[in-house]
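Subject: Structure handover

Hi,

Here is the structure I promised to pass on. My notes on it follow below.

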Amino acid sequence: MASQALSHVFGVSRSLNERAWRWRGGNMELATGMGSGEDIVSQLLLARGVAREDLARHRNPTLRDFLPDPSAFRDMDAAADRIAQAVLSGERITIYGDYDVDGATSSALLIRLLRELGVEAGYYIPDRLLEGYGPSGEALVRLGEQGSSLVVTVDCGAMAHEALAMANDAGVDVIVVDHHKCSAELPRAVALVNPNRLDEEDLAASHGHLAAVGVAFLLAVALVRTLRAQDYFASRKEPDLFALLDLVALGTVADVAALHGLNRAFVAQGLKVMGRRDNIGMSALIDASRLKRAPACSDLGFALGPRINAGGRVGESTLGVRLLTTEDPEEARVIAAQLSALNDERRAIEAEVQAAAEEQLAAQHNRAVHLLAGRGWHPGVIGIVAGRIKEKTGKPSLVIALDDESGQGKGSGRSIAGVDLGAAIIRARDEGLLVAGGGHAMAAGLTVDATQVEALAEWLDTHLEGQVARASASREMLLDVAVAPGGLTPDLVNSLEEGGPYGVGWPGPRIAVGPVRLVKCDIVGTDNVRIIAAGDDGRSFKGIAFRAAESAMGQALLHAAQGRRLWLAGRAKIDDWGNRPQAELHLEDAAWAD
């Protein structure tokens, strides 16, 4: 199998997107019967690093098989004990969450849990533009003055040394529940639960891929266990923790957390809970997203998540938490509609910023890291634009919105596999290039003086050049299955989906189809390339390459492919718009077959 894995699929050593095509695992060329002999799902799991003796556990990932003992995490028991004390004594608790989906779902999870425990917790979500990321000391002290003796920060706080010191001096107890990278010196808190603490033990550290909402769920398990030991449920029903998994799934996928191990179990089981529509706000969000079926994993990232995010990006930061915690169907409907409208507004703003950012790209083609900055850019969309630039260029990208009044810029970055952007941003901050900054391997945020932007760009280029070069050198199109056009069927798509849920760290299967000739090729939308391809077996199928019209592949398909045979590669999806479902290809690459 090793020699097969190293060979080029269909002999493609350089595709139209300049990639070598290789098998992710063994040969799965179903069209010729040359497959590895494994069933498709087993092959998909093996190719993603699952040991053969562990296949059964990964075929149907459950919490029973993947959930660790929460006490393995540092400060977890201290956090559970302090919250249990607040519940038992009737203290006022406030959840302080970030303004993105992970923050909103983490906040909603703890609020809903505490509600079932008989405590109506308050919440505080900072305004992205006015307050920025993370807890502020002023806000924490003010919450204490308003009666909150305990504040739990979620998806933020790991690096808030000054703010937590102010809260501590004011007598406000703070528990931090986070997943972002930490420094060796931890802020002053009653407890700091974070698998990415530098002093974390092996088992907990192996869960560093969790989103904050996953860490919050582990805290929920620990809290219920602590209260159970104190006979709190002698006369009241225990909360149904599994009912909270829809929130965990949404936050995990929307935060682009790696979908392996426990995260796969969270998402797989959370999608089942979501399909029951027990959460009134989540149900309204599904309706507002115009989904006519139970949500799939991709819907969390492309339909539900962006709507929750829109509140924090261009609207009111509390909308997501309000939606996901309300018990009023009408309120849920109104908020979900408002978030959908804000999402449309966000798209328009994003398009303007992206166009302006791309104008700067031509002068940066030799840089290892793209850093794009502009005055008047909306800070609420810079993360999305950074992601778009990264996808287009294959390089880590940062986008900075400069503010003339403050003389500073707010930046957001997205990275590529093999380049730890979060660690680089923390080091840049430590070296005095940044006012503030942090993040994780694939994403980071920062605040920088406008006068330091160029110096930061040069530093990142120098510091990350080696990592980017190594990551780019191994840029390959890894394929799982190859079929003739007639083999691209709904049954095949359904079989491939059994290896999911897929996402970052657990990539969706790529399929190669061919050889084919293009029957039709044109542009739809702004720059999407739509095709109809037919094979030598007389079978045809539809395909689309999103945002590809200006790419080398897109131009070749549109202008040079007439009459020539091609191999096509991408992700197989089901098109259910017609009378009966048909399989189509979401095209990512192509290569000449002759």
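First, a convention: angles under 35 degrees count as roughly parallel, over 145 as roughly antiparallel, 65 to 115 as roughly perpendicular, and the rest as oblique. This is a predicted model, so local features need pLDDT of at least 70 and side-chain atom pairs pLDDT 80 or more, while totals for chains, interfaces and linings use all residues. Residues are numbered from 1 along each chain as its sequence is written, and side-chain values use heavy atoms, with hydrogens and water left out.

Now the helix pair. Helix H10 (residues 212–229) packs against helix H11 (residues 245–254) at about 155°, the axes being 8 Å apart (helices are DSSP runs of H or I, at least four residues, and strands runs of E, at least two, numbered from the N terminus; axes are lines fitted to C-alpha atoms, for helices over the stretch in contact, with angles from 0 to 180 degrees between N-to-C directions). H10 and H11 are therefore roughly antiparallel to each other. Val213, Gly214 and Phe217 in H10 meet residues of H11 including Leu245 and Val248 (contact means heavy atoms within 4.5 Å).

Then there's the sheet. It is open and mixed, with 5 strands in the order S7-S8-S9-S11-S10 (two strands pair if DSSP finds at least two bridges between them). S7 (370–375) and S10 (436–440) are the edge strands, and the twist averages 15° from one strand to the next. S9 (residues 408–414) and S11 (residues 443–449) pair in the antiparallel sense over 7 bridges, with Arg414 opposite Ala443 in S11. Helix H18 (residues 421–430) lies across S8 (397–403), S9, S10 and S11, at about 160° to S10.

Cheers
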